[in-house]
Structure formats: structure tokens, C-alpha cells
Amino acid sequence: MTNSEPRGYHGIDIGGTKIELVAFAGEGRELKEVHRERIATPGTDFAEFLLAIQGLVGRADKALGLRAPVGIGLPGVIDSATGRQLSSNVPALNGRAVAHALKDALERPVAIGNDCQCFALSEAQGGAAHGQPTMFGAIIGTGAGGGYCVDGRLLRGANGVAGEWGHWPLPAAQLASQLAMQFTPAPLPVLDCPCGRRGCLERYVSGPGMSRLHQHLGGGDQTPAAIVAQARAGSAIAVKTMALHADLLGHALATLVLTLDPHAIVLGGGLSQLAHLYDQLPAAMRRHLFPGVRVPPILPPKFGDAGGARGAALLARQQLTDHS
Ligand SMILES: [Zn+2]
């Protein structure tokens with residue numbers, strides 16, 4: 001913290017259907033929510049989107065009593081060369097240099113990151129992994145992504161894609177071991193991914209991915225919560241789906257341990273509410289690690305989805321202190 005640090009930040013979480021702004025007052029690592037507003041996401045018109053954000057930020061400035069820096073979290077990837085938004089589920093933003101346009105429209109610093117990175121940062125500072133030297137926040141929801149934090153700071157990497165584990169491809173050795181362990185009667189199909197590549201992990205371990213695994217094993221089209229309920233009621237296919245899903249996820253998180261060796265992993269997204277994952281994942285990860293490597297604690301989120309705007313505000317502060 002420096003003497004010139006602002007006494008507040010706005011965090012904006014942009015989703016496909018809603019935009020939420022939370023204004024935080026505070027210095028150092030303490031952030032106190034003072035204002036919150038939620039609006040519908042403008043569909044396709046970028047000018048309308050900019051106006052909506054200007055309105056939100058103007059009202060938040062008044063509530064906070066200062067022109068605060070803005071952090072924004074949104075789904076998708078930003079082209080590191082052009083700053084343009086790629087593969088967003090907000091059509092108005094696709095192909096737009098969102099950070100640049102907002103910096104001009106709001107006349108202040110704007111930090112931008114993806115929703116998974118904001119989630120990780122929120123859980124690293126004041127969240128479930130607070131005080132851990134390193135942590136990984138792994139979102140498993142409609143997609144799969146994440147963020148890696150060191151000493152409470154988000155590590156973004158050269159392209160800003162550090163932590164995009166959902167787009168690792170399923171490894172051949174893992175496919176072979178599933179067959180050997182009789183998790184599946186036949187190899188998993190190699191599925192196309194919206195990112196343009198094939199066989200990405202998120203197609204198998206996300207919420208929709210778990211449903212796909214269930215269908216592959218002969219079950220019906222069910223939500224993850226329904227699959228867990230069926231397993232409890234004695235469905236052998238549902239039990240197998242959960243075991244296969246935990247093994248795939250366990251392999252991915254074990255690979256993460258061998259790459260980044262985080263002191264804790266915090267789960268986020270819809271599947272973080274499935275209690276069995278906290279029981280099954282450590283054993284599943286251990287199967288894919290060699291002896292002597294400790295499995296880090298797998299923790300439920302403190303803020304969860306509500307942490308998106310908070311993480312975005314923390315990202316604004318991180319960017320400002322990086323450049324000060
Ligand atoms: Zn992909």
C-alpha cells in the first residue's frame with residue numbers, strides 16, 4: 001500500500017445475463033462493501049453497453065464519494081496482441097477492445113481479467129485460501145478455468161492465460177488408465193471445444209461435461225445434482241459417472257500440482273457445491289501423483305459466485321499498485 005492508494009474500488013462482474021457492480025471502501029487488504037447494483041446485460045449493442053457501465057460507475061462514485069478505479073471480470077479470453085475480447089458469451093463485447101474503450105469512457109484506470117481469475121483473487125485475499133503462500137482457484141461450472149495466486153496476487157503470465165487448465169487436452173495415458181480401471185467400457189469421444197481445439201478437459205469435467213460422461217456410460221441426460229442423487233439412491237451408472245468424473249478431475253488437479261504445486265486449491269462454480277468432490281478428489285489426485293507428493297487441501301469457496309465483483313475490485317487494486 002502507498003499513501004496515494006485510493007480509498008475505494010469498484011468491481012464489476014459481467015455475465016451473459018446480468019452485470020453486477022459492487023463498490024468497496026477501504027485500504028490495505030480490508031475491503032468493505034458500501035454499494036451494490038445489478039442490471040441486465042445489454043444484448044448486442046456495444047455503445048449501449050458502454051453507456052450502461054458509465055451509469056453504473058457514476059452512481060457508485062456517488063455512493064463511495066470518490067472517483068474510484070474500476071476492475072472488471074468477464075468470461076472469455078482477451079487477445080494479448082490486440083486487447084480484443086475473444087469467445088465471450090456477451091455478444092456485444094466480441095471483437096471489441098473492452099478495456100481500452102472503458103478506460104476512455106470512464107476516464108480512469110480500468111483493470112480487466114476473466115471471471116475465473118477474479119474468483120481466484122477473491123478467494124486468495126480474505127477468502128478460503130487467505131494467508132496461503134500460493135493457491136489455485138479452479139472453477140468447475142458451465143466451463144472449467146482458474147487462476148493462480150502467489151502471496152495474494154494474481155499471476156497472469158505473458159498472455160494472461162495462466163491457469164486455463166480447462167483447455168488442456170485429455171491425455172492418452174489417462175484415457176488408457178480409465179479403460180484399464182474399467183471406468184468406461186469404450187474410449188471417451190474426442191469432443192470439439194468452443195475454443196477451437198479438440199478434446200479439452202472442460203468438455204468432460206465441467207457441469208455439462210459430467211452429464212456427457214453419464215450419457216457415455218449409458219445414463220440419461222441428467223444434471224450433475226440429479227446424478228449425485230441417483231448415485232445415493234443406488235444407481236450403479238451414476239456411481240460410475242461420479243467415479244470417472246472424480247478420476248478425470250483428480251488427474252487434472254494432480255497435473256496442476258506437478259506444474260504449480262499450490263498450497264491450497266479452492267473449487268468454484270456450480271460443481272463446487274457437490275460435497276462428494278471434497279471426499280473423492282484427494283484420493284483421485286493421489287492415484288496420479290508419485291509417492292512423497294502431498295495433495296494440497298481442496299477447499300470449498302468462501303465467496304463463490306458472489307466473489308466475482310470483489311475479485312475484480314482486488315484486480316483493480318493489484319494493477320494500480322503494480323504500476324505505482
Ligand atoms: Zn478448449
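Arg108 counts as buried, at 10% relative accessibility, where buried means under 20% relative accessible area, exposed over 50% and partly exposed in between (1.4 Å probe, protein chains only). Arg108 forms a salt bridge with Asp61, and the closest N and O atoms of the two are 2.8 Å apart. A salt bridge here is a side-chain nitrogen of Lys or Arg within 4 Å of a carboxyl oxygen of Asp or Glu. The pair links distant parts of the chain, 47 residues apart: Asp61 is in helix H1 (residues 46-64), Arg108 in the loop between helix H2 (98-106) and S7. Helices (H or I, at least four residues) and strands (E, at least two) are DSSP runs, numbered from the N terminus. Asp61 also counts as buried, at 11% relative accessibility.

This is a predicted model, in which local features need pLDDT of at least 70 and side-chain atom pairs count only at pLDDT 80 or more, while totals for chains, interfaces and linings use all residues. Residues are numbered from 1 along each chain as its sequence is written, and side-chain values use heavy atoms, with hydrogens and water left out.

The chain is divided into domain 1 (8-126 + 304-322) and domain 2 (134-299), with bounds that come from an automatic or database domain assignment. Their C-alpha centres lie 28 Å apart. Contact, meaning heavy atoms within 4.5 Å, joins 20 residues of domain 1 to 22 residues of domain 2. About 1600 Å² is buried between the two domains, and carbon and sulfur atoms give 54% of this area. Buried area is the accessible area (1.4 Å probe) that two parts lose on being put together, summed over both. On the side of domain 1, Cys116, Gln117 and Phe119 lose the most area to domain 2, together 34% of what that side buries. Helix H3 (115-124) gives the most residues to this side, seven. Strand S5 (77-78), strand S7 (110-114) and helix H10 (307-323) are among the elements that each supply at least two. Between the domains the count of salt bridges is zero.

One of the pairs joins the side chains of Asp247 and Arg287 (3.1 Å, N to O). Asp247 lies in helix H8 and Arg287 in helix H9, so this pair ties together parts that are 40 residues apart in sequence. Asp247 is buried, at 0% relative accessibility, whereas Arg287 is partly exposed, at 44%. Arg198 and Asp192 form another salt bridge, with their closest N and O atoms 2.8 Å apart, and both of these residues are exposed. Glu20, Glu33, Arg36 and Arg38 are linked in a network of salt bridges.

Helix H6 (residues 207-216) has Gly207, Gly209, Met210, Ser211, Leu213 and His214 buried. These buried residues pack against H5, helix H7 (224-232), helix H8 (236-260) and helix H9 (276-287). His214 has a relative accessible area of 1%. Leaving aside neighbours within four places in sequence, His214 is in contact with residues including Gly219, Gln222, Ile227 and Thr241. H6 is followed by Gly218, whose phi is positive, near 105°.

Phe183 lies in the loop between helix H4 (172-180) and helix H5 (202-205). Phe183 is buried, with a relative accessible area of 10%. Phe183 and Leu217 are 34 residues apart in sequence and 8.8 Å apart in space, C-alpha to C-alpha.
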